[in-house]
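Here are a few notes to get you started on this one. Have a look at the structure first, then work through the points below.

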Amino acid sequence: MDPYTEQQLVRNRDCRNTWQRYAEHRHQVMKLLCDNVGNDCRSICIWGAGNANDLDLNRLLEVFAEVHLVDLDQEALLFAVEQQSLQETPTVVLHGGVDLLGITKFASPLPATQPNTADVDRLLKHFQVLAPPPCQPCDVVASVCLLSQLIEAIASLVGAGHPRLPELVTAVRCHHLQRLFQATRPGGRAILITEILSSDTFPTLPAIPQTSLRNALAQQINMRNFYTGLNPAILESLAEREPSIGRLCNGIAAHPPWRWDFGPRTYAVAAYEARTRSQK
Ligand SMILES: C[S@@+](CC[C@H](N)C(=O)[O-])C[C@H]1O[C@@H](n2cnc3c(N)ncnc32)[C@H](O)[C@@H]1O
């Protein structure tokens with residue numbers, strides 16, 4: 001097994017027993033996925049579903065006729081359906097072993113020296129090609145706390161100090177959103193949920209009253225306290241900044257942020273939503 005997949009498996013095994021702790025985060029994720037769903041929404045696909053401790057799969061089945069779960073880690077998906085007693089439910093479809101960035105073919109072996117210009121160009125070229133969606137286009141497609149992992153993957157691959165890392169991060173972000181939008185049926189809802197910073201760099205985050213959270217986070221963002229590639233102001237304006245994204249959707253709207261008690265740290269989580277356009 002390649003080192004990247006192995007790392008995800010280990011992380012997911014370490015996070016199995018978190019159902020209680022994720023309750024508030026799960027509530028926020030579920031509200032976003034299930035509120036205001038029209039009668040035309042029958043299928044949902046979740047990217048980065050993993051152990052699904054942030055998803056109430058039974059509730060999803062009340063709203064959607066089909067639930068597709070996609071992850072690199074098949075073992076975590078099997079745990080997810082077993083934990084929620086859905087292993088015999090054919091309308092919950094598992095897509096395990098799917099690498100949504102195609103990073104695993106580069107991740108092994110890790111280069112002994114800093115990647116050179118040709119290596120970086122090869123990666124950039126790879127991110128310009130969009131693999132087919134993991135299943136048929138769905139009415140709602142949501143990427144749940146996956147983009148941060150993909151950005152971390154590219155940073156570990158080339159090295160955090162690599163001079164062309166910003167260019168690669170931009171390419172990964174663009175690739176992810178384009179694929180997300182392409183996996184959503186025309187006129188459907190594409191949702192990006194992502195951690196933007198944590199209590200590691202903003203220690204008072206867990207104590208901020210919910211009513212002040214948005215302003216407190218805006219101050220942190222102004223001080224450039226956010227994960228690389230996950231500046232909320234940039235994420236919200238990607239449809240205008242990146243023509244390859246803009247042509248696939250009718251603008252991107254931000255939802256109010258919330259917190260995710262992860263245990264070792266608390267994350268501030270942001271969510272963005274777009275209606276996909278008919279593709280020409
Ligand atoms: C932070 S976890 C999401 C939390 C998860 N929904 C839960 O409640 O357990 C991110 C997930 O993304 C998956 N992942 C990471 N890189 C991936 C890739 N390249 N393709 C597909 N899934 C990936 C990991 O296996 C992990 O399950």
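Is the crossing in which helix 6 passes helix 7 left-handed or right-handed?

1. It's right-handed. Bear in mind that this is a predicted model. Helix 6 covers residues 147-158 and helix 7 covers residues 165-182; their axes come within 10 Å and cross at roughly 145°.

2. Now for the side of helix 6 that does the touching: Leu-147, Leu-150, Ile-151, Ile-154, Ala-155 and Val-158.

3. Next, the largest pocket, with a volume of about 870 Å³. It has 37 lining residues, and the closest to its centre are Arg-11, Cys-145, Ser-148, Gln-149 and Glu-195.

4. Helix 6 turns up here too, giving the most to the lining of the largest pocket, with 6 residues. Helix 1 (3-14) also supplies at least two. Sorted by class, the pocket lining has 19 nonpolar, 10 polar and 8 charged residues.

5. There's also 1 cavity of 30 Å³ or more, and the largest cavity holds about 50 Å³ of space. Helix 7, strand 5 (184-198) and strand 7 (266-276) each give two or more residues to its lining.

6. The cavity lining divides into 11 nonpolar, no polar and 1 charged.

Notes
Residues numbered from 1 in each chain as written. Predicted model: local features only at pLDDT ≥ 70, side-chain atom pairs only at ≥ 80, totals over all residues. Heavy atoms only, no water. Axes fitted to C-alpha atoms, helices over the stretch in contact; angles between N-to-C directions. Helix = DSSP H or I, 4+ residues; strand = E, 2+ residues; numbered from the N terminus. Left-handed = near helix turned anticlockwise from the far one by under 90°. Contact = heavy atoms within 4.5 Å. 1 Å grid on protein atoms, 1.4 Å probe; cavity = no way out; pocket = protein on both sides within 12 Å on 5 of 7 lines; lining within 4 Å. Points joined across faces, edges and corners; volume = space filled by probe spheres on them. Nonpolar A, V, L, I, M, F, W, Y, C, P; charged D, E, K, R; others polar.
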